Amino acid sequence: MSTDNYSSATVADAGRAASGAASEPLLSATGVQMHFPIRRGLLRRTVGAVRAVDGVDFEVRPGETLGLVGESGCGKSTTGRLLTRLLEPTGGTVKFEGRDITHMKPGELRPLRRDIQMVFQDPQSSLNPRHTIGSIVGAPFEIQGIKSPNGTKRAVQDLLALVGLSPEHYNRYPHEFSGGQRQRIGIARALALKPKLVVADEPVSALDVSIQAQVVNLFEDLQAELGLAYVFIAHDLSVVRHISDRVAVMYLGKIVEIANRDDLYSSARHPYTQALLSAVPIPDPDRKGEEAKRERILLTGDVPSPINPPSGCRFRTRCWKAQEICSTQEPPLVQLTSGPRPTGADHKVACHFPD
Amino acid sequence: MTLIEEAGVGGIPPQPEELAVAARREIEGRSLGRIAWDRLKRDKVAMAGGVLVILLILMAIFAPQLSSLEGQDPNSLNGTLIDPNYSTPIGGMGGISAHHWLGVDLPNGRDIFSRIVYGARYSLGIAGVSTLVAIVFGVVIGMIAGYFGGWIDNVLSRLMDLMLAFPVLLLSISILGVLPNTAFGLSGNSLRIALLIVVIGFFSWPYIGRIVRGQTIALREREFVDAARSLGASPFRIIFKEILPNLLAPIVVYATLLIPANILFEAALSYLGVGMREPTSSWGAMINAAIQTFQIDPEFLIVPGMAIFITVLAFNLFGDGLRDAFDPKASR
Ligand SMILES: Nc1ncnc2c1ncn2[C@@H]1O[C@H](COP(=O)(O)OP(=O)(O)O)[C@@H](O)[C@H]1O
Ligand code: SF4
Ligand SMILES: [Mg+2]
């Protein structure tokens, strides 16, 4: 990828980004929180909370891919499960196409579930071992009571073909498939009802590296074909680089930086993003020299507990730039307008001393 | 240009590695049930138990044919076979002869072989049906407790703990002891059978319930449950279509292990006089009758005792083998 903005983006990319910016967001999260209560004793009194997601703001535009990146345990999966309303947020607002879905009851959510789907991380556990592929991919039609013009079986076989599997696999069981094939089955199930948004929670993390690329490419091809928007979750920046239009970086329940893909990879401003980036190998052979120049930032210490996160900036216990103010004031996620290098409207950073 | 393209894999359809994996799996291609069956076949002890279980079930089904093969029936009185002076079966050995393969009982000289094969109908039938009752209740309540968690689980789990802590035998005796001779439109034998099934089933469901609850809690965390929820599936559908099919193996295993416990339960109640009663030839009732004369005719006591022992042992050996076959890590 080049360092100057958009020079490598295709025309289609640019068009997508432009139309996205103009239209209303497909999904927006405002101050979304998920505090899991910690209960103790016979009476199950609440004695504290796991602040898994602690006030995140972002939006997803129609047809775009938002990458969501952060270390294990920072709240990515929880965020994904809040967006798909597998969990009910304990604070903030989630809107889908302008409708507030934050506290919708299961009955109200049911029709919306067609529009928001999820692809799961673990291909071993995301397919019911007792169901055939036909009934797994046919479940969306059955549960939502949807009749396909040529019958469900035909629709399922078309979906299998769409994700690169043979329609003959209809009567097979999940254990007969490899990890990559199972993930394709999970994708077919998510796409069955033609959703507008697919939240993919580390969909390739459990796969062999060679198969990861195929599955990421499948996601891309499907997006081009069906005009889907993705929230694509990953634990390192290299996986989402190829597929994302924008990338959000999470740390301990908060978003610390969000930007257009090329801005983020070329001029990250948050120390944590820079640390994550320094761990990403530079893929371009003719730019390998840069890797030597670039210093590898090694993060020391452990991620603090989300039960009792640090005051002020959550990253301060591992930040090499931390100063007094970092422990007393929480830096807001904002566009940088003053300073030597202001950012564009789409690039927001939560740091008192951005680069 | 990018990391991904550099890996040199493009497009969707050609997936050489995946196809290779699939091909390999095709050769191995064994379903989960098949794997368990292969393991079970190698477990000689369990297979012996299984064969015995099948023979016992056949014995119960073909009780009339077996009796007539011997040329006897369970209820004819043969006073002439009892020595009037000593009140023991004539000829020693409890009266075993070519006509009475397992001898005759006291004091009426009824044919013990016929009574044993007919007794299998009561023992296996009552234990089997009450186990079915226990499974229906245990599975439904265990799945509800495990799936919903929270206060629902708290209430149901405490209920199961409570029932497992009951002095079950004492309670059953008092319940069965005070019931009238006709109730619910049933009377006599059929009423006693129905009551035994209800009482034994009622007291043994928490055993299944606890196991199912634990398994459900583990299954609830699996992502396919989330997938169903994200499609808008109701809890009812998730419990019965997503979770229940995954419980079939443990249900079969623990049902096989619960049957012998319930056989003993029925025998104990009948022995204590609150279960099946004379002249019905339940094994427990036969022991009850034999206990009064066992010093002069131990054979009458030994035969029903052995019947119970062999049946319970067979089910337990088979059940243990099944458990190991489905989940080799679970025991030992
Ligand atoms: N149901 C839950 N109850 C309590 N804590 C939870 C629950 N789910 C997740 N957590 C906690 O929330 C934090 C974030 O988890 P998660 O969203 O799975 O992180 P990630 O997907 O980024 O690895 C972790 O500390 C995790 O232990
Ligand atoms: S606010 Fe302070 S501690 Fe936090 S990232 Fe910026 S410099 Fe580091
Ligand atoms: Mg996760």
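**Ground rules.** I worked with a predicted model, so I took local features only at pLDDT of at least 70 and side-chain atom pairs only at pLDDT 80 or more, while totals for chains, interfaces and linings use all residues. Residues are numbered from 1 along each chain as its sequence is written, chains are lettered from A and ligands numbered from 1 in the order in which they are written, and side-chain values use heavy atoms, with hydrogens and water left out.

**Entry 1, ligand 1.** I listed the residues around ligand 1, counting a residue as near if one of its heavy atoms lies within 4 Å. Among them are A:Phe36, A:Val50, A:Ala52 and A:Pro306, together with A:Glu71, A:Ser72, A:Gly73 and A:Cys74. A:Gly75, A:Lys76, A:Ser77 and A:Thr78 also belong to the surroundings of ligand 1. I then looked up polar contacts (a pair of N or O atoms within 3.5 Å; within protein, one must be able to donate a hydrogen and the other to accept it, and residues adjacent in sequence count only if both atoms are side-chain atoms). A backbone N or O atom of A:Gly75 is 3.1 Å from an oxygen atom of ligand 1, and one of A:Lys76 is 2.9 Å from an oxygen atom of ligand 1. A:Thr78 uses a polar side-chain atom, 2.5 Å from an oxygen atom of ligand 1.

**Entry 2, ligand 2.** I found 13 residues around ligand 2, the closest being A:Cys313, A:Cys319, A:Cys326, A:Cys351 and A:His352. I sorted this shell by class: 9 nonpolar, 2 polar and 2 charged residues. In this scheme Ala, Val, Leu, Ile, Met, Phe, Trp, Tyr, Cys and Pro are nonpolar, Asp, Glu, Lys and Arg are charged, and the others, Gly among them, are polar.

I took the bounds from an automatic or database domain assignment. Domain 1 of chain A covers 3-36 + 50-115 + 195-349, and domain 2 of chain A covers 130-192. I counted 17 residues of domain 1 in contact (heavy atoms within 4.5 Å) with 12 residues of domain 2. The two domains of chain A bury about 1,200 Å² between them, 67% of it on carbon and sulfur atoms; this is the accessible area (1.4 Å probe) lost on being put together, summed over both parts. A:Arg110, A:Arg114 and A:Leu218 supply 35% of the area that domain 1 buries here, more than any other three residues. I found 4 residue pairs in polar contact between the domains, both residues at pLDDT 80 or more. On the domain 1 side, α3 (106-112) and α7 (209-226) of chain A each supply at least two residues, and α7(A) gives the most, with 8 residues. Helices (H or I, at least four residues) and strands (E, at least two) are DSSP runs, numbered from the N terminus.

Chain B is divided into domain 1 (1-30) and domain 2 (47-326). I noted 53 Å between their centres, taken over C-alpha atoms.

I searched for a side-chain nitrogen of Lys or Arg within 4 Å of a carboxyl oxygen of Asp or Glu, and the total over all chains is 31 salt bridges. One of them joins A:Asp346 and A:Arg61 (3.0 Å, N to O). Its partners are 285 residues apart, with A:Asp346 in the loop between β11 (334-335) and β12 (348-349) and A:Arg61 in the loop between β2 (45-60) and β3 (65-69) of chain A.

Most residues other than glycine have a negative phi, and most peptide bonds are trans. I noted a cis bond from B:Leu106 to B:Pro107, with B:Pro107 in the loop between α5 (63-70) and α6 (112-148) of chain B. B:Glu278 and B:Pro279 are also joined by a cis peptide bond. A:Arg85 has a positive phi near 55 degrees.
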